[in-house]
Amino acid sequence: MWAFLSARLRMWLLLALAAPLLAWLLGLIGDAVEARRGANGLSRGLQWARSWLRHRSRGPWARRAADPTGPIDPGMPAR
């Protein structure tokens, strides 16, 4: 079935679904390792991989860069 999907659709599926799930899983494992053994090379590597994947993922499970409910820039004119 995977072979019948277009290359663009396969890439979208990987970036929209698989990458955020993998980032979440790596973060979960990294947090567990850090809680058990303290900060070490493995936990830092897993945290780095989670951050790297979060920045490159898009789709429904990706973290959004700008929070619409976040602080308002004081330099912006009022509407």
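How many salt bridges does the structure hold? The structure holds one salt bridge, a term that stands for a side-chain nitrogen of Lys or Arg within 4 Å of a carboxyl oxygen of Asp or Glu. The model is predicted, so local features need pLDDT of at least 70 and side-chain atom pairs count only at pLDDT 80 or more, while totals for chains, interfaces and linings use all residues. Residues are numbered from 1 along each chain as its sequence is written, and side-chain values use heavy atoms, with hydrogens and water left out.

The overall picture comes first. Of the 79 residues in the protein, 24% are buried. Here buried means under 20% relative accessible area, exposed means over 50%, and partly exposed lies in between, with a 1.4 Å probe and protein chains only. The accessible surface of the protein amounts to about 6,700 Å², and carbon and sulfur atoms own 64% of that area. Such areas come from the Shrake-Rupley method with a 1.4 Å probe, and for residues only the protein chains shown count as cover. A contact is defined by heavy atoms within 4.5 Å. Among the contacts in the protein with a separation of 6 or more, 50% involve residues 24 or more positions apart.

Now for the inside of the protein. The largest nonpolar core has six residues: A19, A23, L26, L46, A49 and L53. The elements giving two or more residues to this core are α1 (7-37) and α2 (41-56). A nonpolar core is a set of buried Ala, Val, Leu, Ile, Met, Phe, Trp, Tyr and Cys residues joined through side-chain atoms within 4.5 Å.

R50 has its place in helix α2 and counts as buried because its relative accessibility is 18%. With residues up to four places away in sequence again left out, R50 touches A23, L26, G27 and D31. Side chains of opposite charge can pair when their charged atoms come close. In the salt bridge, the side chains of R50 and D31 meet at 3.7 Å, N to O. This pair links distant parts of the chain, with R50 in helix α2 and D31 in helix α1, 19 residues apart. D31 is partly exposed because its relative accessible area is 38%.

D31 also has a contact with Q47. Q47 lies in helix α2 and is buried, with a relative accessible area of 18%. Apart from neighbours within four places in sequence, Q47 is in contact with G27, G30, D31 and E34.

What about the outside? A nonpolar patch on the surface is formed by L22, W24, L25, L28 and I29, which together have about 480 Å² of accessible area. Patches are made of residues with over 30% relative accessible area and no salt bridge; like charges are joined within 9 Å, and nonpolar side chains (Val, Leu, Ile, Met, Phe, Trp, Tyr) within 5 Å. L22 is found in helix α1 and is partly exposed, with a relative accessible area of 41%. I29 has its place in helix α1 as well and is partly exposed at 40%. The C-alpha atoms of I29 and L46 are separated by 7.4 Å, although the two residues are 17 residues apart along the chain.

The last feature concerns ring-bearing side chains. A pair of aromatic rings is described by the distance of the centres and the angle of the planes. A search of the whole structure finds one aromatic pair. W48 and W52 form this pair, which is stacked, with 6.4 Å centre to centre and 25 degrees between the planes. Rings of Phe, Tyr and Trp (its six-membered ring) pair if their centres lie within 6.5 Å; planes under 30 degrees apart count as stacked, over 60 as edge-to-face and the rest as tilted. Both W48 and W52 lie in helix α2, four residues apart, about one turn of the helix. W48 is exposed, with a relative accessible area of 59%, whereas W52 is partly exposed at 39%.
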